[in-house]
Amino acid sequence: MDVIPQIRMFEPIVGYNKDPLQLAIILYKDDTFSPDAMYEKAPTIQLNDDLYLEVGPSVAGSAGTPFTTEVTSCWATVLAHSLGRNAYYFLRDGCPVDETFRWHSVNGMNNSTRFAIKMFHFTEMEKHPVYLHCQTKVCNVEARADCLTICPSPQILKK
């Protein structure tokens with residue numbers, strides 16, 4: 001199963017920043033999120049393997065940037081276009097909606113967010129590549145609270 005990370009350009013929304021703001025979804029091999037663990041091209045990943053993802057600025061060394069990034073929604077499609085009919089959401093309104101979703105950083109606290117999910121495929125389309133898409137909200141670091149979503153506690157089913 002191929003996973004295709006895409007980079008999209010966004011217009012800057014911070015008044016003093018005149019450079020384009022470029023965010024990326026970076027796919028890692030493990031939970032170290034280190035440069036050595038980054039996939040360099042579209043990898044083939046097996047069903048139920050862990051996908052370690054980071055959403056944030058695509059420019060290396062941007063740790064001191066004066067903004068925070070909250071990932072508000074993430075979904076997968078079998079088409080490169082993010083508005084595909086068959087979309088599987090694993091994060092919606094800043095909260096996980098997939099039982100395998102795990103945070104590896106606090107969403108909205110820094111300029112990038114890290115999380116993991118288990119690899120899956122679309123029924124009857126298991127040979128198609130899977131494209132990942134995310135929407136983000138970018139906040140001034142001084143207004144960090146605007147980028148922090150409080151999610152309801154997951155329901156624990158009693159047996």
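**Disulfides and surroundings**

Analyst: Strand β3 (residues 21-28) is a mostly covered element, with 7 of its 8 residues buried. The model is predicted. Strand β4 (residues 50-57) runs antiparallel to β3, and 6 bridges join the two. Leu 27 has Leu 53 of β4 as its bridge partner.

Now the disulfides. The whole structure holds 3 of them. Counting the bonded cysteines in sequence order, the pairing is 1-3, 2-6, 4-5.

Cys 74 is bonded to Cys 134, with S to S at 2.0 Å. This pair links distant parts of the chain: Cys 74 sits in strand β5 (residues 67-77) and Cys 134 in strand β10, 60 residues apart. The S-S torsion is about 110°, so this disulfide is right-handed. Cys 74 is buried, at 0% relative accessible area. Cys 134 is buried too, at 18%; the cut-off for buried is under 20%.

His 133 also lies in strand β10 (residues 130-140). Its relative accessible area is 4%, so His 133 is buried. The His 133 side chain makes a polar contact with the side chain of Thr 77, at 2.8 Å.

Cys 95 is joined to Cys 151, S to S 2.1 Å. The link is left-handed, with -100° about the S-S bond. Cys 95 lies in strand β7 (residues 95-96), and Cys 151 in the segment after β10, 56 residues apart. Cys 95 counts as buried at 13%, whereas Cys 151 is partly exposed at 28%.

Cys 139 pairs with Cys 147, S to S 2.1 Å. A torsion of about 90° makes this disulfide right-handed. Both Cys 139 and Cys 147 are buried.

Terms used
Residues numbered from 1 in each chain as written. Predicted model: local features only at pLDDT ≥ 70, side-chain atom pairs only at ≥ 80, totals over all residues. Heavy atoms only, no water. Helix = DSSP H or I, 4+ residues; strand = E, 2+ residues; numbered from the N terminus. Buried < 20%, exposed > 50% of the residue type's maximum accessible area, 1.4 Å probe, protein only. Polar contact = N/O pair within 3.5 Å; in protein donor to acceptor, adjacent residues only side chain to side chain. Pairing = 2+ DSSP bridges. Disulfide = S-S within 2.5 Å.
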